[in-house]
There are 2 protein chains.
Amino acid sequence: MFKIIRNIGKITRSLQIKSNKQFQAVGLGNNSFIYLIRVCEKPGMFLGEVADKLSIDRTTAFRTIKRLVDTNYLRLEVDSTDGRLRRVFPTDKAKKIYPELHSFEKDSSEKLLSNLTLEEQQTLFQLLEKCSNNI
Amino acid sequence: MFKIIRNIGKITRSLQIKSNKQFQAVGLGNNSFIYLIRVCEKPGMFLGEVADKLSIDRTTAFRTIKRLVDTNYLRLEVDSTDGRLRRVFPTDKAKKIYPELHSFEKDSSEKLLSNLTLEEQQTLFQLLEKCSNNI
DNA sequence: TTATTTTCATTGCATATGCAATTATTATGT
DNA sequence: ACATAATAATTGCATATGCAATGAAAATAA
């Protein structure tokens, strides 16, 4: 039954290749896409929190976010009570492009699920949720 | 409903991090794991075929496979009728370690799916199969 | 047959990645 | 209060990655 995890892997890599290609031109290749979309939706997470939420190595996340700060998509703020934490916020530039990222993700999702009925989509969602607790 | 693709991405990255950690010591970090397991199961694919099957950039796949050739896990053969193709085969070293890779994948899969009944696993598999045709 | 296009593999180059080690800050134990 | 351990961010370094361009062989068109 490990065709499941193989399929999952293939889907992920395909989507990543596509989002990189799509947003390369605006400096959002190398999976930057997912960082930006998450930070826009939940501003104020600290660096490690972002990394863990995405299941990405903290060093890699750190450098990617740094790059996004350099290119003016994100900005960092030292937490007021815990001096270790750097909280991540979107800039206006990020907020401006967010709708485009969002609709790309929506389109990708709809395309992926286009062979499923709404009920099947619901089922798939629930089953994957159950799985997420086990990683 | 795009929590589906987000979940899928997270699961993939988690598994990759784990397999890299697990097999780093035998020179199978950086996702080499998945190449090796596939080539062992279906020897004789050509380079681009492997890349496409895994949905990995061909250049990256080329270099990873080259590394695996250098470390004596794989070997290449020029196709006898089409001089462009390089077919990929596992060495004895690969065959020897394959069972370990296989059982790692099996364990990962079982752990991931441990909250699902067999019937639910079957459903998940079928739904994902339907999705794979749309990427 | 010859010219054109397509398909694979390969390389050059700039950049990204990730492990291991370090620093800074906070939490915990005594 | 002080020492010790834990957690976050950061850096150094070696290596991996991936786009764009090239080379080599085969398929297709003319």
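At what angle do helix 1 of chain A and helix 1 of chain B pack, and how far apart are their axes? Keep that in mind while you set up the view. The model is predicted.

**Stop 1: the two chains**

Colour chain A and chain B separately. A rotation of 180° superposes chain A on chain B, with 0.0 Å of shift along the axis and an RMSD of 0.0 Å. The two copies are thus related as by a two-fold rotation axis. Both copies use the same surface: 98% of the contact residues of chain A recur in chain B.

**Stop 2: the side of chain A that touches chain B**

Select the contact between the chains. Chain A puts in 44 residues and chain B 43 residues. On chain A, show helix 1 (3-23), helix 5 (92-112) and helix 6 (118-132); each supplies at least two residues of the side that touches chain B. Helix 1 of chain A has the largest share of that side, 13 residues. Now colour this side of chain A by class. You will find 20 nonpolar, 14 polar and 10 charged residues.

**Stop 3: helix 1 against helix 1**

Hide everything but the two copies of helix 1. Here is the reply to the opening question: helix 1 of chain A and helix 1 of chain B pack at about 110°, with their axes 9 Å apart. That makes helix 1 of chain A roughly perpendicular to helix 1 of chain B. Show side chains for A:Ile5, A:Ile8, A:Gly9, A:Ile11, A:Thr12 and A:Leu15. Across from them, pick B:Ile5, B:Ile8, B:Gly9, B:Ile11, B:Thr12 and B:Leu15. These residues of the two helices make the contact. By class, the contact has eight nonpolar, four polar and no charged residues.

**Stop 4: helix 6 of chain A against helix 1 of chain B**

Keep helix 1 of chain B and bring back helix 6 of chain A. Helix 6 of chain A and helix 1 of chain B pack at about 30°, and their axes are 10 Å apart. Helix 6 of chain A and helix 1 of chain B are therefore roughly parallel to each other. The crossing of helix 6 of chain A past helix 1 of chain B is left-handed.

Which residues meet here, from helix 6 of chain A and helix 1 of chain B? On helix 6 of chain A, select A:Leu124, A:Phe125, A:Leu128, A:Glu129, A:Cys131 and A:Ser132. On helix 1 of chain B, select B:Lys3, B:Ile4, B:Asn7, B:Ile8, B:Lys10 and B:Ile11. The contact of these two helices holds seven nonpolar, two polar and three charged residues.

**Stop 5: DNA strand C**

Turn to the DNA. Around DNA strand C there are 21 residues; A:Thr60, A:Gly83, B:Phe46, B:Leu47 and B:Gly48 are the closest. Helix 4 of chain A has the largest share, five residues. The residues of this surface are four nonpolar, nine polar and eight charged.

**Stop 6: DNA strand D**

Of the 21 residues around DNA strand D, the nearest are A:Phe46, A:Leu47, A:Gly48, B:Thr60 and B:Gly83. Highlight helix 3 (47-54) and helix 4 (58-70) of chain A, and helix 4 (58-70) of chain B; each supplies at least two residues of the surface near DNA strand D. Helix 4 of chain B gives the most, with five residues. By class, the surface near DNA strand D has four nonpolar, nine polar and eight charged residues.

Notes. Residues are numbered from 1 along each chain as its sequence is written. Chains are lettered from A and ligands numbered from 1 in the order in which they are written. This is a predicted model: local features need pLDDT of at least 70, side-chain atom pairs count only at pLDDT 80 or more; totals for chains, interfaces and linings use all residues. A residue is near a molecule or strand if its C-beta atom, placed from the backbone, lies within 6 Å of it. Helices (H or I, at least four residues) and strands (E, at least two) are DSSP runs, numbered from the N terminus. Ala, Val, Leu, Ile, Met, Phe, Trp, Tyr, Cys and Pro count as nonpolar, Asp, Glu, Lys and Arg as charged, and the others, Gly among them, as polar. Copies are superposed by least squares on the C-alpha atoms of residues with pLDDT of at least 70 in both. Two residues are in contact if their C-beta atoms, placed from the backbone, lie within 7 Å. Axes are lines fitted to C-alpha atoms, for helices over the stretch in contact, and angles run from 0 to 180 degrees between N-to-C directions. Angles under 35 degrees count as roughly parallel, over 145 as roughly antiparallel, 65 to 115 as roughly perpendicular and the rest as oblique. A crossing is left-handed if the near helix is turned anticlockwise from the far one by less than a right angle, and right-handed if clockwise.
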